[in-house]
Amino acid sequence: MKTLVEWKVLATSSATAALQSEHEKLACECAVRLGRKPRTALMEFLGMRYSLEDTAVPKLCLTGMPIVGKALESPFFHSYQVPATITVSELLSSAPRRRAGTLKRVKLMGRTGGAEMAKAIWQKTMKEVKAGTMSGPYTLEEMEKKHGRYLNLVPSFGLKQGDKFRRIDDHSASHNNLAAERTQQIQMAMVDYLMSMVAAMGKAFNGALWIGTEDMAGAYRQVPLTDSQVRISVTAVYNPESESVELFEIYGQPFGAAHAVPNFYRVAEWACRLMIRAFTAIIDHFFDDYFVVLRPGEAEGTMFCIKEAFKLIGLVLDDEKSQPPGDFSMVLGVAFNTASLQSQKLLLVEPKPTRVTNLCQIIDRVMAEDCLPPSLAASLLGKFGFLCSTMFGKVGRCCTGAVRARQYGHPNETHLTAEICTSLQLMKLFTTTAPKRELKLYDRERPLILYTDASDVPNRTEGRWVVGAVLIDPDTMTISYTSWIVPETVVNTWFPKQTYMNQLELFACPLALNTWSQVLHDRQVLLFIDNDAAAASLARGYSPRQDSCALVGDFWLAASSARLSIYIDRVESKSNPADGPSRLDFNLMRRLKAQWISPNSTSVFTRPFSWFVAL
Amino acid sequence: MSKRGRKRLIDDTEMADLSANRCWERAEAGKAFALEHPGNSLAQFLPSWERLMSRPDVHVIKYHTCRFEGSRRRKFQMLMTNRACFVDFIGKLCEGHLCMRTGGPHLKWRPTVHNGQVLQSQTGDEREYPVGFCKEYAKAAGLVLGSGGSFLEVFSGPNAPLSVEVGALLGAPVPGYKLENKGKGDKVELQNLSQLLGSHPLVSQQASSFSARAAPTISVQESFYRDAALNAARQPGYGKRTQLIQDGLQDPSKHMEEALKLSHPFTLGNVLKPDHREAL
């Protein structure tokens, strides 16, 4: 609060006022059109006070930022060169001859998108005009008269996202993105990092924690475009009333322009670092979404300071999207549940209920209509993949094989096959029933060490296929091992091959989890495998081969039901202690005085491969 | 199938059909042709290939590349032609574990892997026809062409070694110079070192340093967020992980000893940005 008061004093000081009036003289027309909200003088003072690395941000909020040519560079990001495909002069010289095609394209897309979408997109554009971030509508003649012959048109089209419509300004089609030279890459904080933030704070304060969120209003439109580039961003929008294409000038950073991403992100990052350093807040952001981890007692005060601070520097937050701190918060599309943090030291990350409902509805519709075109398959996989990130371990990923195949199939193939039906039903089942992703803040016990291996030796007297496993409990320093001659009945459930090494190596893993189910419960495990293909499949939670994928699925189901935090890594064959048991050679185990455990193959037979291929 | 895979399949099928159809046309016109291809390729089941192979004047000659100087891997290939003289020069198969030409073992096909990372795939070495094959082919081609024939190689690759040999035999050298692969020597050395892995500790050590060099470089920020994911109980992709215990121990007891010293990667500690650490 004291800091906030100091800021308020600084904001109203004569020095700030004098500098601000100097700044206003530098403001570009785009910045003026956007309303000149950022208090750049105060931003400059605060930037110096808190040693913010990117000192150019306040000035750039005055002068605007370009979207073609070489990208501006910020000390916040690291170097990553992607050259432009065409030069700016090529962009400009080709603009006149592309104009007619662009107008035709916008008209066509406006008409084919349907009346409802066209109306929504038009209304959105007019809303922007009212807000001052765009101006128009203009005719082509008016724009040519104003901007000259190098005027570049950007086609826009509508996209339905749930119940809402979004206007996309296609800067790739306008060739603007081809003329954009990228110089840096941005690594963004996402769900994993927020979990890391919560974990660190949970360990530091050992109490309850809440998460609150803030969102910048019309984020990109708070950052001005360079005046000289308004002419290359004249946006063409379909007007459903006049059934014609009308043109608009845009003054903020346009969605769809490649450079708009780093241009906006550096402003958002600047504000984020300012909040951390000024208010010692554990806050981060993904584009315009800010998330803060807070202790309940301080939550209200910190959120108040952050809101007021944003107001003072003139970056506008969207009050409607603001989420008060709580122990169940929706952040970046997932639900963070911190309710068990204090009592069980457990952070749960759950799917957002609306996302689950949405996916189930799509699957039901696909099943009812018996129609899954490749584009919808891709969309479904994207949605399901995102939901998988909220499931325990890598559970759930195994069931997507048939839908993946459809994703890359022929556009005319839309009928559902038996495999696709199973895949869709499993996706639904996993989405609704899979255990949630969790993060244990403390795990004082040392991890259990598990080694698995398999052998396939034709003509071996005891049996051709053998799997083995060794478990070490570092707390009790006990070593136990198991081994099982895999009967032909099991191998026959896999697709016929000359050798079954990959399947056997995979099969050894769920077998080991079932065999030591008493010990392997709610523990951390390091699993060492000497077969890279099997290890990679388990680490990914998926295999392109259907029979292997079922085994991977079995493994993760076993792991999730026993709440095992498993990390999979490689061991070279000659260092793998499970190599002996997998060859029915127990000399090393006897020398180590290891304990024999009978393999538990029951679950293998109660849930054969068929669970995966047909429900 | 991925988009890229599908495109490759379509392109390859088109090339295979084109080759078979052109050969068919030449055979119909009584002109000589030779079509070389992997022996187990699915292309031979294309209708155009089946049609060509069913011709009574066409010989399908199967051979292993290792039977020719310059090849150390047993690669199964086929040569389809309507001239019988190729059969004796090319139709050489290699049977048994040891190479019938060198008497030694064949080089392995599996990729060179060290510490769980693929250092090199071996297919690059087999990109061009072996020198010995080109020489034998040229001898047969010389018989077919006589003194006044012409020779054209389609899909020859940048160095066209077959054309070079045939041209040399006919006294018509192929112009241009050989395209050398940059860093090829380094790769060969790396490959040789990797094949010796485990046999000598020094070699193993050297290969480890090569492995470090071969590993893709990632930025500090990228590495930071990867660690954050690990800290949030998410294992990275298998290829992106850092192996907990490096290869080379070659002893189960030692590996167990090392494993017992490990902490679980999900609880390695706080992964926080400096600002957040400071604020905390």
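Colleague: Before we start, what are the ground rules on numbering and confidence?

Modeller: Residues are numbered from 1 along each chain as its sequence is written, while chains are lettered from A and ligands numbered from 1 in the order in which they are written. This is a predicted model, where local features need pLDDT of at least 70 and side-chain atom pairs count only at pLDDT 80 or more, though totals for chains, interfaces and linings use all residues.

Colleague: What makes residues 14-26 of chain A helix α2, and how does its reach compare with what is expected?

Modeller: Helices are DSSP runs of H or I with at least four residues, strands are runs of E with at least two, and both are numbered from the N terminus. α2 of chain A has 13 residues.

Colleague: Is α2(A) largely in the open or enclosed, and how do you know?

Modeller: A residue is buried if 20 or more other C-beta atoms lie within 10 Å of its own, exposed if 12 or fewer, and partly exposed in between, with C-beta atoms placed from the backbone. In α2(A) the number buried is one of 13, so the helix lies largely in the open.

Colleague: And what about β21(A), largely enclosed or in the open?

Modeller: Six of its six residues are buried, so β21(A) is largely enclosed by the rest of the structure. Ser565(A), Tyr567(A) and Asp569(A) point one way, Ile566(A), Ile568(A) and Arg570(A) the other, and all are buried.

Colleague: Why is β21(A) called an edge strand, then?

Modeller: Two strands pair if DSSP finds at least two bridges between them. The open, mixed sheet runs β21-β20-β17-β18-β19-β22 in chain A. β21 (565-570) and β22 (595-596) each have a single partner strand, so one side of each is left without a neighbour in the sheet.

Colleague: How do you know that β20(A) pairs with β21(A)?

Modeller: Six bridges join β20 (residues 524-529) of chain A to β21(A), and the two run parallel; pairing takes at least two bridges, so they qualify. Among the bridge partners, Leu527(A) goes with Ile568(A) and Phe528(A) with Asp569(A).

Colleague: What packs on that sheet?

Modeller: Helix α18 (residues 501-515) of chain A does, touching β17, β18, β19 and β20 of chain A. Its direction makes about 140 degrees with that of β17(A), using lines fitted to C-alpha atoms, for helices over the stretch in contact, and N-to-C angles that run from 0 to 180 degrees.

Colleague: What makes two residues count as in contact, and how many in chain A touch chain B?

Modeller: Their C-beta atoms, placed from the backbone, must lie within 7 Å. On that basis 44 residues of chain A are in contact with 44 residues of chain B. α9(A) gives the most to chain A's side, with 10 residues.

Colleague: Why is Ala141(B) called buried?

Modeller: It has 24 other C-beta atoms within 10 Å, and the cut-off is 20 or more, so buried it is. Ala141(B) lies in helix α4 (residues 131-145) of chain B. Leaving aside neighbours within four places in sequence, Ala141(B) is in contact with Phe151(B) and Val166(B).

Colleague: What makes Arg36(A) and Thr280(A) partly exposed?

Modeller: Arg36(A), in the loop between α3 and α4 of chain A, has 17 C-beta neighbours inside 10 Å, so it falls in the in-between class. Thr280(A), in the loop between α10 and β10 of chain A, has 16 and therefore counts as partly exposed too.

Notes: Expected span 1.5 Å × (residues − 1).
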